[in-house]
Amino acid sequence: MLTSSSQVKDYWNSFADLYGNELEHIYLTAGLSLSSMLKITQKNNILEVGCGSGLLSLHWLRNLSSSSVTYTSVDISDDMIKMAEARKKSLETKLNPVKHSFICGDAENLDFIADESIDAYIGSLV
């Protein structure tokens, strides 16, 4: 049993390569279904927690069209965030002008997000 955020972070860092390169594709459909149910294309301030290596985030960065949209992707794993940023960089010419950032952070401490500033919260596998 993982009892501290540092243990959770260590676990996901050790699992990042397998998850990001093989398993995350399997779970993408669930994330797409959940975020579609939120009518995410009608939202302006989106927070995705547990973004992993960024597949769901990057899908929406290709499909959200308004430059007034802010999409924040958070994961506890440094290694997952590094993979996500590399994927984003490789796709940057295909992404829409959405304000976006990948942030390494703990879902239990989102103090960097202003209260009542989020229109949609996605935590598809969290």
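In the predicted model, the side chains of Lys 9 and Asp 78 meet in a salt bridge with an N to O distance of 3.1 Å, a salt bridge being a side-chain nitrogen of Lys or Arg within 4 Å of a carboxyl oxygen of Asp or Glu. Lys 9 belongs to helix H1 (residues 5–37) and Asp 78 to helix H3 (residues 78–91), so the contact ties together parts that are 69 residues apart in sequence. Helices (H or I, at least four residues) and strands (E, at least two) are DSSP runs, numbered from the N terminus. Lys 9 is partly exposed, with a relative accessible area of 25%, and Asp 78 is likewise classed as partly exposed, at 27%. Here buried means under 20% relative accessible area, exposed over 50%, and partly exposed in between (1.4 Å probe, protein chains only). Residues are numbered from 1 along each chain as its sequence is written. Because the model is predicted, local features need pLDDT of at least 70 and side-chain atom pairs count only at pLDDT 80 or more, while totals for chains, interfaces and linings use all residues; side-chain values use heavy atoms, with hydrogens and water left out.

A search of the whole structure finds two salt bridges. Besides the pair already described, Arg 87 and Glu 24 meet through their side chains at 3.7 Å, N to O. Arg 87 lies in helix H3 and Glu 24 in helix H1, so this pair ties together parts that are 63 residues apart in sequence. Both Arg 87 and Glu 24 are buried.

Glu 24 also contributes to the lining of the largest cavity. The search finds one cavity of 30 Å³ or more, and the largest cavity has a volume of about 100 Å³. On a 1 Å grid over the protein atoms alone, a cavity is a set of points where a 1.4 Å probe fits but cannot get out, whereas a pocket is an open set with protein on both sides within 12 Å along at least five of seven lines; lining residues have an atom within 4 Å of a point. Grid points are joined across faces, edges and corners, and a volume is the space filled by probe spheres set on the points. The cavity lining includes Tyr 19, Tyr 27, Cys 51 and Leu 125. Its largest share, five residues, comes from H1, and both H1 and helix H2 (55–63) supply at least two residues each. By class, the cavity lining comprises seven nonpolar, three polar and two charged residues; Ala, Val, Leu, Ile, Met, Phe, Trp, Tyr, Cys and Pro count as nonpolar, Asp, Glu, Lys and Arg as charged, and the others, Gly among them, as polar.

The largest pocket has a volume of about 380 Å³. Of the 19 residues that line this pocket, Val 8, Trp 12, Gly 50, Ile 76 and Val 126 lie nearest its centre. Gly 50 is also one of the residues lining the largest cavity. H1 gives the most to the pocket lining, with four residues, and strand S2 (70–75) supplies at least two. The pocket lining divides into ten nonpolar, six polar and three charged residues.

Elsewhere, Leu 95 is located in the loop between H3 and strand S3 (99–104). Leu 95 is buried, with a relative accessible area of 15%. Its C-alpha atom is separated by 9.2 Å from that of Ser 65, 30 residues apart along the chain.
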